[in-house]
Amino acid sequence: MKKGADTVFGHEFCCEVLEAGPDTAGRFRPGARVVSMPVLIGPEGAETTGYSSRIPGGFAEQILLSEMLMLEVPNGLSAEHAALTEPLAVGEHAVAKGEPTPRHALMVVGCGPVGLAVIASLKARGLGPIVASDYSAERRAAAGRMGADIVVDPAQVSPHDSWASLGVPASRAEGVIAAAQART
């Protein structure tokens with residue numbers, strides 16, 4: 001990383017293939033629309049795109065992608081919806097790994113793309129009630145639209161104080177499964 005160099009963010013994207021690079025199988029023709037995990041695999045290992053000046057993210061005019069991590073976007077799917085592939089997969093994976101049941105108290109801390117995907121995944125499984133917490137009013141509103149039962153601003157209310165209003169016994173609330181979003 002170069003000190004003082006600009007960082008181009010963007011780890012949720014849909015883009016058009018310009019050309020296949022060296023040492024690729026050429027699976028994607030120029031013009032194909034693709035999504036990818038936001039990781040570039042190189043000689044130094046895997047590096048996340050969009051978090052340093054070395055590997056620009058999806059807001060750059062051009063980015064490098066690892067062919068093995070790319071998926072072609074099906075015809076008819078908008079770029080905006082395709083760009084949600086990665087955060088939806090991360091949220092679904094988090095819920096699957098957590099193996100929540102109706103006996104768990106559910107809290108989502110951070111209602112960005114991954115947190116919203118966690119709410120969607122929990123709701124798709126018929127689980128709840130869900131308490132969602134975020135400092136952003138816009139993200140809290142999105143959490144409510146996704147189906148969170150109680151949405152709180154942690155600057156005003158402790159999300160843990162919401163359990164009683166849902167009738168969650170203290171013994172159940174002690175086994176909270178929290179899905180925290182590490183990225184924004």
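## Salt bridge between Glu 92 and Arg 125

In this predicted model, the side chains of Glu 92 and Arg 125 meet in a salt bridge, with an N to O distance of 2.7 Å. The pair links distant parts of the chain: Glu 92 belongs to helix H2 (residues 85-98), whereas Arg 125 is placed in the loop between H3 and S7, and the two are 33 residues apart.

A search of the whole structure finds 5 salt bridges. Side chains of opposite charge can pair when their charged atoms come close. One of the bridges joins the side chains of Lys 123 and Asp 149, at 3.6 Å from N to O. Lys 123 lies in helix H3 and Asp 149 in the loop between H4 and strand S8 (150-152), so this pair ties together parts that are 26 residues apart in sequence. Lys 123 is partly exposed, its relative accessible area being 32%; Asp 149 counts as partly exposed at 40% relative accessibility.

Another bridge is formed by Arg 140 and Asp 153, whose closest N and O atoms are 3.7 Å apart. Here too distant parts of the chain are linked: Arg 140 is in helix H4, and Asp 153 is in the loop between S8 and helix H5 (170-173), 13 residues apart.

In soluble globular proteins, nonpolar side chains tend to be buried together. The largest nonpolar core of this model has 14 residues, and those with the most contacts inside it are Ile 119, Leu 122, Ile 130 and Ala 143. Which elements each supply at least two residues of this core? They are strand S6 (106-109), helix H3 (113-124), strand S7 (130-133) and helix H4 (137-146). H3 gives the most to the core, with 4 residues. Apart from this core lies another, of 8 residues, among them Phe 13, Phe 28, Val 34 and Met 70.

## Surroundings of Leu 122

Leaving aside neighbours within four places in sequence, Leu 122 is in contact with Val 95, Pro 100, Leu 106, Val 108, Leu 127 and Ile 130. Among these, Pro 100 has its place in the loop between H2 and S6. Pro 100 counts as buried because its relative accessibility is 14%. The C-alpha atoms of Pro 100 and Leu 122 are separated by 8.3 Å, while the two residues are 22 residues apart along the chain.

## Antiparallel sheet

Three strands form an open sheet in the order S1-S2-S5, with antiparallel pairing. The edge strands are strand S1 (15-16) and S5, each of which pairs on one side only.

S1 is joined to strand S2 (residues 33-36) by 2 bridges, and these strands run antiparallel. Cys 15 stands opposite Val 34 in S2; Val 34 is also among the residues of the 8-residue core. S2 and S5 are joined by 3 bridges, again in an antiparallel arrangement. The bridge partner of Ser 36 is Met 70 in S5, and Met 70 is likewise among the residues of the 8-residue core.

## Nonpolar surface patch

Which residues form a nonpolar patch on the surface? Phe 9, Tyr 51 and Phe 59 do so, with about 390 Å² of accessible area together. Tyr 51 is placed in the loop between strand S4 (45-48) and strand S5 (70-72). With 40% relative accessibility, Tyr 51 counts as partly exposed.

Methods. Residues are numbered from 1 along each chain as its sequence is written. This is a predicted model: local features need pLDDT of at least 70, side-chain atom pairs count only at pLDDT 80 or more; totals for chains, interfaces and linings use all residues. Side-chain values use heavy atoms; hydrogens and water are left out. A nonpolar core is a set of buried Ala, Val, Leu, Ile, Met, Phe, Trp, Tyr and Cys residues joined through side-chain atoms within 4.5 Å. Buried means under 20% relative accessible area, exposed over 50%, partly exposed in between (1.4 Å probe, protein chains only). Contact means heavy atoms within 4.5 Å. A salt bridge is a side-chain nitrogen of Lys or Arg within 4 Å of a carboxyl oxygen of Asp or Glu. Patches are made of residues with over 30% relative accessible area and no salt bridge: like charges are joined within 9 Å, nonpolar side chains (Val, Leu, Ile, Met, Phe, Trp, Tyr) within 5 Å. Accessible areas come from the Shrake-Rupley method with a 1.4 Å probe; for residues, only the protein chains shown count as cover. Two strands pair if DSSP finds at least two bridges between them.
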